[in-house]
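I opened a new model today and went through it residue by residue. My notes follow.

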Amino acid sequence: MRGLSLPDGTLVALTWSIPRQFGGLTKSLLQRSSQLAAASGREVVVITLAAQTNLDEERVSLRERGLMVEGVSLLNLWEDLGAADDDVWATAGFDPGITGPELTGP
């Protein structure tokens, strides 16, 4: 790609999930992430937010099907949080007095 100018830092794509059977939006996200990784020589991290199981199998399947190329990785928020030790959670700040979102503005 000529004129490819990207900001410094990690390139990230965010989606709710990558279901076993998916349509055009997910396919487009994966294809564009792969194209961006190939064109820029940088890693693209696809982050999913929904709790999903068997992500290792899904990663293998996506690579075998050519939907996720070298330079693209798939991370899931809950997968990483679930692997944290209890000591990590014990140091996380928590305010039980917060009962709901606090919106401010004009």
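I started with glutamate 79, which forms a salt bridge with arginine 59; the closest N and O atoms are 2.7 Å apart. Glutamate 79 sits in helix α3 (residues 77-82) and arginine 59 in helix α2, so this pair ties together parts that are 20 residues apart in sequence. I noted that the model is a predicted one.

I then asked how many salt bridges the structure holds. The count is 2.

I looked up the other partner of arginine 59. Arginine 59 also forms a salt bridge with aspartate 56, with 2.8 Å between the closest N and O atoms. These two are 3 residues apart in helix α2 (residues 55-64), so about one helical turn separates them. I wrote the trio down as a network of salt bridges linking Asp56, Arg59 and Glu79.

Is arginine 59 buried or exposed? Arginine 59 counts as buried because its relative accessibility is 17%, under the 20% cut-off. Aspartate 56 is exposed, at 54% relative accessible area. Glutamate 79 has 32% relative accessibility, so I logged it as partly exposed.

I moved on to helix α1 (residues 24-40), where serine 34 lies. Serine 34 counts as buried, at 9% relative accessibility. What does serine 34 touch, leaving out residues up to four places away in sequence? I found Leu67, Met68, Val69 and Val72.

Glutamine 31 lies in helix α1 too. I recorded glutamine 31 as partly exposed, at 38% relative accessibility.

Methods
Residues are numbered from 1 along each chain as its sequence is written. This is a predicted model: local features need pLDDT of at least 70, side-chain atom pairs count only at pLDDT 80 or more; totals for chains, interfaces and linings use all residues. Side-chain values use heavy atoms; hydrogens and water are left out. Helices (H or I, at least four residues) and strands (E, at least two) are DSSP runs, numbered from the N terminus. Buried means under 20% relative accessible area, exposed over 50%, partly exposed in between (1.4 Å probe, protein chains only). Contact means heavy atoms within 4.5 Å. A salt bridge is a side-chain nitrogen of Lys or Arg within 4 Å of a carboxyl oxygen of Asp or Glu.
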